[in-house]
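Q: Please show me how to read a few features of a protein model.

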Amino acid sequence: MPPPDLLPGTAYGLFERSNRAPPTLGDAAAEHSSRAVPGGQLSATPPPPSVLGVAIPSPLRRLFDYRPAGTPPAGGWQPGVRVQVPFGRRQVVGVVLECRATSDLPLAKLKPIDACLDATPLPTDWLWLCRFTARYYQHAPGDTLHQAMPALLRQGRTLEARTRERWQVTEAGTAEAPPTLARAPRQAELLTMLRQHPHGLVSQAILAQSFGRDQLQALERKGLIMRREEPLTAAPPSGGPLLAEPALPLNREQATALAALHERLDAYHPCLLHGVTGSGKTEVYLQLIEAVIGRDRQALVLVPEIGLTPQTLARFRRRFRVPVVALHSGLTDHERLDAWEAAASGRAPIVIGTRSAIFTPLARPGAIIVDEEHDGSFKQQEGLRYHARDLAVVRAHQHGIPLVLGSATPSLETLHRARSGDYRHLRLTQRASRHAPARLELIDLRGRPRRGGLIPPVIDAIETTLSAGHQVLVFINRRGFAPTLSCHACGWLAECDHCDARLTLHRQPPLLACHHCDHRQALPDACPECGSADLRPLGSGTERTEETLAERFPDVPVHRIDRDSTRRRDALEQTLAEVRRGEPCLLVGTQMLAKGHHLPHVTLVVVVNADGGLYASDFRALEHSAQLLEQVAGRAGRAAHPGRVLVQTMHADDPNLRLLAARGYDALAEQLLEERRIAALPPFRFLALLRLEAAQEAAATELGNRAAESLRIYLAERALDVDCLGPVPAPMERRQNRYHMQLMLGAAKRSRLHEAGAWLVAWLEADPAARRVRWSLDIDPQTLS
């Protein structure tokens, strides 16, 4: 293991190894701008600043200078205070990042701020993380801060807890009911109910029992009950037990892993919890969090998908008697701000959320857990292209707390760091059910008839499983009825007018849709090329497979789970709740079903087509495809009965697929790591991807060529060991009627890559032609699309 004061490695450690101390909040402030206050922080008694450097939500990678005006905050002007300022013809909310005595402009020409919105700065840990994120991902600081805070804070709302009323019986109310209540039977009933709850009831719970505010106020006037205001997220009364239900017994491997995590609860301690599906990783998380809360600290848990949040929340709330808050895109603006404030104030010891929850401030951070750390959804693919897992590494290091990265199929970056000793590698090889994980059985599709994508032997296996009273999961990673519509007479294919992609046929409702630009059009009555009415669907999607299975097994419920069927709020959780009742049924779904769901009654998994990622152009495609296959296979046989996994493929003799089926993901990952080392690809090299897009192909191509030529000259002059490849068209060159080009940068050292990237960004910002082309620099890209 490396010394604890250094971030582990350079695979995605975000700092190069060096002999200097790790950066502090002051260092981050100083590095953020060359105009920062020396040391990155104000002195104990700073003079009032003449200039405020404000981060404005805009794509410009700079701060904007304003003059202080009006009443300063209680603690004086300092970084982290929100202000309302004029910006062009608009009034916007910005965040002060610098307090200085001078500006590049005459002070008289600076606009004054309109208002200060905060009495105290926003949380320090949040501000540090935002500054680091903007610097590392080469993104505009104002836009970074804007995206990292709840919407209501962006609009100027105060960061304070919303409250609710709680009613309790007074000392007088605990005595025998006074005679006056004999003539008020409803008041007497209400008093009796409140006596049964010594800690009181909130207004919503009382009103739900058909009592009214008039009765509450009448009892209050008589001195029999009293009310108090409490935050919406209020901790339970102190002194009681922490656990609402007992912890589960651990097997030997789980106990060993937990003991290793307990060794360094007060220090940065990165661990990969590498456990097969169903091995009880969540129970290890829960018992680690129990220890963290017992030390009066908070835990942040990241999950990859919003669909996993309800089941994770439910399990954590069943276990603990402390507030557990969630942060994800399904919340209202008020709910998100309430959860953010509860975490920042320390009232919520457990915070569970998806990707953006990494920016949640914590008053007393104690541990960070990233579940399914390999999942691609932790990488933001638009705007601020951060990776939540990588920022979790940085944040845990900054706080000096344990970090747990959990997965059955770790990313090659994480696996490489664990095997090189930078992360502690904790293994869980046994399932809680004691059944061995189901191995993949390759089923050759070549020359065999298919119905809804399924061949007869697979349909027979489904029938046998249902007859035994078990459930079947049919995995097909393509929504819609069929991948496209074709003319049987002339071979015409339905293609999108705006993208280099084919239109997907949907039956519910009937239409053709592009899954890249969301263009939709009605089904044609005849072929637009030859006029033939013989139009046929090609291939299978979730809708077609669902229809085929419903016809073949009319007495068995078929549940389709994809993005189209789960648009309604809580639709996924309601469907899964019905499935967990255990009655025989068929689940047809996309990768939404492959991630972390516990389906104890599923004993057969069928993969309709495993060939999607075998021969893709992206060098990570095989890794991602293997992870997905292993994850979906892990849904089978998680309880009392062993599982079986049937994988249909047109390439049953592919050596990578055969290795995965015979020896599992770990063996394939070893081979892929060796191939990456030979090819000098991540995690053995670091990449940045410049994406260019324009309405005219020539504009993107011309700017890409000039940027590449200028960058190569700069690299040669500075003797920087950085590769510059391209520009080349993106794998899908035309999307949404815009042409996409790419320029790839690669380097053996992250610092060299960042120097080249920073120069390229500055060149593009100064080039007039770049204003007519949309561009972005993606640090550590996870896909090349």
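A: Helix 12 (residues 333–345) has 13 residues and spans 18 Å from its first C-alpha to its last, close to the 18 Å expected at 1.5 Å a residue. The expected span is 1.5 Å times one less than the number of residues. Helices (H or I, at least four residues) and strands (E, at least two) are DSSP runs, numbered from the N terminus. The model is predicted: local features need pLDDT of at least 70, side-chain atom pairs count only at pLDDT 80 or more, and totals for chains, interfaces and linings use all residues. Residues are numbered from 1 along each chain as its sequence is written, and side-chain values use heavy atoms, leaving out hydrogens and water.

Q: Which residues are buried in helix 12?

A: Buried means under 20% relative accessible area (1.4 Å probe, protein chains only). In helix 12, the buried residues include Leu-337, Trp-340 and Glu-341. Among the elements that the buried residues of helix 12 pack against are helix 2 (124–136) and strand 10 (298–302). Just after helix 12, Gly-346 has a positive phi of about 90°.

Q: How do strands 19 and 20 run?

A: Strands of a sheet pair through backbone hydrogen bonds, either parallel or antiparallel. Two strands pair if DSSP finds at least two bridges between them. Here strand 19 and strand 20 (residues 510–513) run antiparallel, joined by four bridges. One partner of His-506 across a bridge is Leu-511 in strand 20.

Q: What is the order of the strands in the open sheet of three?

A: The order is 19-20-21, with antiparallel pairing. Strand 19 (504–507) and strand 21 (520–521) are the edge strands, each pairing on one side only.

Technical notes:
Buried < 20%, exposed > 50% of the residue type's maximum accessible area, 1.4 Å probe, protein only. Contact = heavy atoms within 4.5 Å.
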